[in-house]
Amino acid sequence: MVQKQRPEPSQLRDAGQQLRGRTGDPAEVKMSSSNTKFSAVTGSARKIRDNAADWHNLMVRWDKLNNEGFQFATNIVNKRNSQKDHQPLDDFPSTSVSQSFPSAVQQQTAGAAELQVECSKLQAVVDQMVVIVAKMEHLMAIQQGVQHLEEFQFGSEGRTLPLCQSWRTKEFEESSQVLLAAFSQELKLKQMILQELAHTTVSDLHMIYLSCWLHQPFIPAQTRLTLEALLLETGHRPL
């Protein structure tokens, strides 16, 4: 029987880089200030424009953390597999193992310490992602505040004329909701992977966790397009 060859973590990373190259990475596109139409906007339009820039910066920061976290997660998997390879046979009692294989016991102790270090690094990454999502929730609250102000000023339908180029205030709120929902779900996935990765002994499950971390299934290409539409509408991208 021919066994299927599992992809290596480096192959997953390369595939992710190719995928991001096709869908477009916000960090690779410079913000443009050439559109003078928005150079002196005030009021609600100014607040929405500032929010759009903040969304862009937070998503760039998230992508950087995702890449760092993938490296730490890969290290955890490699060290976990190394521990399994050096684990003594179950036929030997624990006392006889320490007497007969002192070097193996030392390797296990050192490997456990190194594994804990990598887990702490991954925990720090997830903690920073929690902060990012909290800031996204704050941006959502600001956008909702702008929407409520518009409804107070212009009635339940809000402003009828476009606020920036073609969108009304409600459409900016809907875009923010799409972005926040995507990153909130992805954060939950990251937290689950953090809890399970170091305790998993099945190699196939390791590869699933790594693939999910890298490719971020809850942040599809449509989410990136939503950000791009937001940046175009607020003048951060040239038409």
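Modeller: One term to begin with: buried means under 20% relative accessible area, exposed over 50% and partly exposed in between, with a 1.4 Å probe and protein chains only. This is a predicted model, where local features need pLDDT of at least 70, side-chain atom pairs count only at pLDDT 80 or more, and totals for chains, interfaces and linings use all residues. Residues are numbered from 1 along each chain as its sequence is written, and side-chain values use heavy atoms, with hydrogens and water left out.

Colleague: What percentage of the residues count as buried?
Modeller: Of 239 residues in the protein, 40% are buried.

Colleague: How many helices and strands are there?
Modeller: The protein has 7 helices and 0 strands. These are DSSP runs numbered from the N terminus, helices being H or I with at least four residues and strands E with at least two.

Colleague: Which residues of H5 meet H7?
Modeller: Phe-172, Ser-175, Val-178, Leu-179, Ala-182 and Phe-183. On the H7 side they meet Thr-223, Thr-226, Leu-227, Leu-230 and Glu-233, contact meaning heavy atoms within 4.5 Å.

Colleague: Which H7 residues are buried?
Modeller: Thr-223, Arg-224, Thr-226, Leu-227, Leu-230, Leu-231 and Glu-233.

Colleague: Why does the length of H7 agree with what it should span?
Modeller: The expected span is 1.5 Å times one less than the number of residues. H7 has 13 residues, so it should span 18 Å, and its end C-alpha atoms are 18 Å apart.

Colleague: And what comes just after H7?
Modeller: Gly-235, with a positive phi of about 85°.
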